[in-house]
Amino acid sequence: MAEKKEKIAVSDKMMGLLYLDKSLYIGVAGLILGLSFLLGGIFIYIFMKGAYERQQEAPNYFDPFQGTGYSAISAQLATDYFAEHVKEGYRLYFGFDPSFEPFIFCADGEAGEELKALIDATVNGYDDGLPPMLRLTGFSRPLTSEIMGYARDAYSQMWSDETIPISSDELYQMVGDYYLDTRPSSFFAEYPWVMALFAVPAAILAVGLNALFQYRKWIKAQIVRLERYREWLPTADRELEHTERFAKRLPLYLTEHFLITAAYSLDVIPYEAIQLFSESGSLLLAVTTDGETHILADRLRCDGCYDRLLIELHKRQEIAAIGNVL
């Protein structure tokens with residue numbers, strides 16, 4: 001039966017080098033931000049959904065000059081449609097409120113019986129009395145120049161066989177800047193951007209979880225690496241306790257007998273095991289006697305200490321080599 005290896009125990013300082021990595025910070029920050037944004041998004045969604053439902057139950061009075069969101073108005077009369085959207089199939093009409101002020105509204109497909117009755121009374125007269133008013137509800141939409149072009153042509157011919165010219169400004173003064181869209185709609189159709197309240201937190205959480213997954217893999221590799229240093233790790237750990245970082249932004253320590261770095265992964269290298277130093281781009285590398293290459297530092301993170309570090313490393317390597325010869 002194989003003997004179970006004793007768990008490696010190291011100081012808090014060495015543990016910090018072992019476990020503290022940028023992927024951990026990214027993962028934790030991603031979870032905190034993602035959950036915070038998600039919670040805020042849920043509150044905003046609940047508030048907006050409630051406001052939408054309350055507006056559906058008690059719509060504003062439709063004001064074609066202001067644009068009043070979900071609105072309602074009673075139509076006393078209505079003309080036949082003057083334009084039809086070929087792709088979406090809705091039709092645009094002129095309506096007249098109880099004060100016989102004109103406004104524009106749109107409806108889906110064929111006109112219903114009540115709307116047809118209003119149109120018939122408007123076109124053919126209403127000797128038998130006005131038909132019952134039709135309550136229209138929907139969302140206020142801005143009038144486009146294209147709609148106003150069709151509306152101006154239709155309004156110019158509405159009351160006479162001869163065209164009565166009317167300018168766009170005059171028509172705007174009569175029908176306002178908005179029309180009433182009576183087509184069925186939904187909360188998500190009106191506010192499609194609300195999905196971002198959940199998509200953005202989901203993306204942040206995905207980044208955070210992926211970072212934590214990568215961190216978990218990195219930690220496993222670190223622990224395997226520590227097993228290789230088991231022989232000299234206790235000595236290196238004791239020396240680390242009394243050694244300061246070589247530079248503020250550089251997680252590298254030069255103890256009496258070891259080079260300890262966590263620039264990319266934790267490395268504990270005896271000076272005597274270093275065969276040579278080399279450079280690749282901005283990276284300083286060490287090749288050890290076992291043929292492995294170790295990343296020691298990045299010139300960009302050395303705070304101007306790169307050349308000083310290289311000189312110090314060569315000096316310590318030479319001292320270790322002399323000690324071995326003696």
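Two strands count as paired when DSSP finds at least two bridges between them. Strands E5 and E6 meet that condition, with 7 bridges joining them. The model described here is predicted. Its chain has 9 helices and 14 strands. The chain is also more spread out than a compact globule, because its radius of gyration is 39 Å, well over the 20 Å that the globule rule gives for 326 residues.

**Overall shape**

- The C-alpha trace of the chain spans about 125 × 45 × 30 Å along its principal axes.
- Of the 326 residues in the chain, 41% are buried.

- Strand E5 covers residues 90-96, and strand E6 covers residues 102-108.
- E5 and E6 run antiparallel.
- In this pairing, Phe96 stands opposite Pro102 in E6.
- The hairpin has 5 residues between its strands.
- Which residue of the hairpin takes a positive phi? Phe100 does, with a value near 60°.
- Phe100 is a residue other than glycine, and its place is the loop between E5 and E6.
- Is Phe100 buried, exposed or partly exposed? Its relative accessible area is 39%. Buried means under 20% and exposed means over 50%, with partly exposed in between. Phe100 is therefore partly exposed.

**E6 and its other partner**

- How many of the 7 residues of E6 are buried? The count is 6, so E6 is largely enclosed by the rest of the structure.
- E6 also pairs with strand E8 (residues 178-181), in the parallel sense and over 2 bridges.
- Phe105 has Leu180 in E8 as its bridge partner.
- Strand E7 (residues 134-142) pairs with E8 too, in the antiparallel sense over 4 bridges.
- Strands of a sheet pair through backbone hydrogen bonds, either parallel or antiparallel.

- Asp63 sits in the loop between strand E1 (60-61) and strand E2 (70-75).
- The relative accessible area of Asp63 is 24%, so this residue is partly exposed.
- Asp63 and Asp177 are 114 residues apart along the chain.

- E10 (residues 258-261) is joined to E11 by 4 bridges.
- One bridge puts Thr261 together with Asp267 in E11.

**The sheet E12-E13-E14**

- Another open sheet of 3 strands has the order E12-E13-E14, again with antiparallel pairing.
- Why is one side of E12 (274-280) and of E14 (293-298) left without a neighbour in the sheet? Both strands stand at the edges, and each has a single partner strand.
- On average, neighbouring strands of this sheet are turned by 25° against each other, direction ignored.
- E12 pairs with E13 (residues 283-288) over 6 bridges, in the antiparallel sense.
- Ser280 has Leu283 in E13 as its bridge partner.
- In a regular strand, side chains alternate between the two faces of the sheet.

**The largest pocket**

- The largest pocket holds about 420 Å³ of space.
- How many residues line the largest pocket? There are 18, and those nearest its centre are Leu20, Asp21, Lys22, Ala262 and Arg301.
- Helix H1 (12-19) and helix H2 (22-57) are the elements that give two or more residues to this lining.
- H1 supplies the largest share, with 4 residues.
- What kinds of residue make up the lining? It divides into 9 nonpolar, 2 polar and 7 charged residues.

How values were computed
Residues are numbered from 1 along each chain as its sequence is written. This is a predicted model: local features need pLDDT of at least 70, side-chain atom pairs count only at pLDDT 80 or more; totals for chains, interfaces and linings use all residues. Side-chain values use heavy atoms; hydrogens and water are left out. On a 1 Å grid over the protein atoms alone, a cavity is a set of points where a 1.4 Å probe fits but cannot get out, and a pocket is an open set with protein on both sides within 12 Å along at least five of seven lines; lining residues have an atom within 4 Å of a point. Grid points are joined across faces, edges and corners, and a volume is the space filled by probe spheres set on the points. Ala, Val, Leu, Ile, Met, Phe, Trp, Tyr, Cys and Pro count as nonpolar, Asp, Glu, Lys and Arg as charged, and the others, Gly among them, as polar. Axes are lines fitted to C-alpha atoms, for helices over the stretch in contact, and angles run from 0 to 180 degrees between N-to-C directions. The radius of gyration is taken over C-alpha atoms; the globule rule is 2.2 Å times the number of residues to the power 0.38. Buried means under 20% relative accessible area, exposed over 50%, partly exposed in between (1.4 Å probe, protein chains only).
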